[in-house]
Amino acid sequence: MESMTIRLQSSSIGSVGVHRSSCSAVGKGILSGTSWSPQVQQHLRSKFAGANLRAQMLKSGRKYCVIFGALPTQAEVATSAFEDELSNIDWDDLGFGIRKTDYMYLMKCGEDGVFSGGDLFPFGNIELSPSAGVLNYGQGLFEGLKAYRRADGRIVLFRPEENALRLTTGAERMCMAAPSVEQFVEAVKQTVLANKRWIPPFGKGSLYIRPLLLGSGAVLGLAPAPEVTFLIYVSPVGNYFKEGLAPIQLQVETKYHRATPGGTGNVKTIGNYAPVLKVQRSAKTEGFSDVLYLDAINKKYLEEVSSCNIFVVKDKTVSTPALHGTILSGVTRKSIIEVARSRGYEVHERLVSVDELMDADEVFCTGTAVVVSPVGSITYLDRRVTYGNGAPGEVSQELYSALTSIQMGLADDNMGWTIEVK
Ligand code: COI
């Protein structure tokens, strides 16, 4: 068998030479290279499979990587090539975009439906068969949740088990196995901790966590993929809409629909999102922030905005469309309903007509990405109504502040919604 010496300083990170002679490695770190022969890969695999070395081999594009020993510390990572990217971040102007962070989490399951062997890997491209179920037939789901850095430095997650449960429901609908709630939450914690330095300072934003569940196995005929991949990546984010915390301008869509009864509108499948792009782009061209969809049967009841749920307020009573199969059960939607009720508001989940929307005192949207976004105006056909003279409504402001105070640790978490990550 081919053999080699891996000259690696304890705790070094980055590409190192791989030489043919004897193989030895000490310490911990990430070893990567671009041209390892199958023999070298085989040798590395067997060498690092030792009991006292936790090693994983990953092929990412043309790059091979072995992670061994404990993961590099934050300080070690901070001296790596990623440092420049971090120091270039303007924490006061994060917006909602993707930034390359340090690690992602990967876990797979085969036809037995059991997820195992999940681990962290350097953030990078993943390899998929051209006939992967997700690429050919859209067999995929995503989730979104956030980690927050509090004033005392503690890192918390908000209701991650809700996302895990929603992923399970979606996976059942999409014919995929899902990780258990415990596996999901543990994977989220590991990914957040490994990317801790990317969590924005207190008050400047949050770390958006994006779990994916993908039919990654190869299929040709229409069938569930024989392998499913669970992946989590993260990115520091600020406000979702370019308006920041200012009210957004919505257009009611009258031609296209987001979901139909019996479809998949109530699960977070990737296929629900691509069809809204055309409508959203045309609305943005006309100066709107986003689009609000109506039900596909009566074309008069509110469903949701492309990326979030909707609430209307009339005479201090809060109403939101009920969940009956076409609307996503948002974690923020659910939390706002509970927060509002706990503060004495009457909240109704029911059919809400577009006429009521046009007659409301206040309108706001909720979602993990958008948090609680006040709506400044709605345009429906050729009619435009404005709310609150351009300022956020009182109820939406109160609920935004109540929710974010719990998330940021500025108010007691009597609901037990936050989980510390350490
Ligand atoms: C979220 O709010 O987390 C979402 O998944 C919506 C997405 C379109 C950004």
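Let me begin at T368, where a backbone N or O atom lies 3.4 Å from an oxygen atom of the ligand. Please bear in mind that this is a predicted model. At A369, a backbone N or O atom is 2.8 Å from a ligand oxygen. K268 takes part through its side chain instead: an N or O atom there is 2.8 Å from an oxygen atom of the ligand.

How much of the ligand does the protein bury? Taken alone, the ligand exposes 290 Å², and 89% of that is buried by the protein.

Which residues form the surroundings? Around the ligand we find F142, G144, Y208, R210 and Y240, together with K268, S307, T368 and A369. Sorted by class, this shell comprises four nonpolar, three polar and two charged residues. As for where the shell comes from, domain 2 (96-237) and domain 3 (248-408) each supply at least three of its residues.

I turn now to the packing of the protein itself. In soluble globular proteins, nonpolar side chains tend to be buried together. In this model, the largest nonpolar core has 35 residues. Within that core, the residues with the most contacts are F184, V188, V192, I209, L213 and F230.

Which elements give two or more residues to this core? Among the strands, they are strand 7 (103-109), strand 10 (145-149), strand 11 (155-158), strand 12 (206-215) and strand 13 (228-237). The helices on that list are helix 5 (160-173) and helix 6 (181-194). Helix 6 gives the most to the core, contributing six residues.

Technical notes
Residues numbered from 1 in each chain as written. Predicted model: local features only at pLDDT ≥ 70, side-chain atom pairs only at ≥ 80, totals over all residues. Heavy atoms only, no water. Near = heavy atom within 4 Å. Polar contact = N/O pair within 3.5 Å; in protein donor to acceptor, adjacent residues only side chain to side chain. Areas by Shrake-Rupley, 256 points an atom, 1.4 Å probe, with all protein chains shown as cover. Nonpolar A, V, L, I, M, F, W, Y, C, P; charged D, E, K, R; others polar. Domains from an automatic or database assignment. Core = buried A, V, L, I, M, F, W, Y, C linked by side-chain atoms within 4.5 Å. Buried < 20%, exposed > 50% of the residue type's maximum accessible area, 1.4 Å probe, protein only. Helix = DSSP H or I, 4+ residues; strand = E, 2+ residues; numbered from the N terminus.
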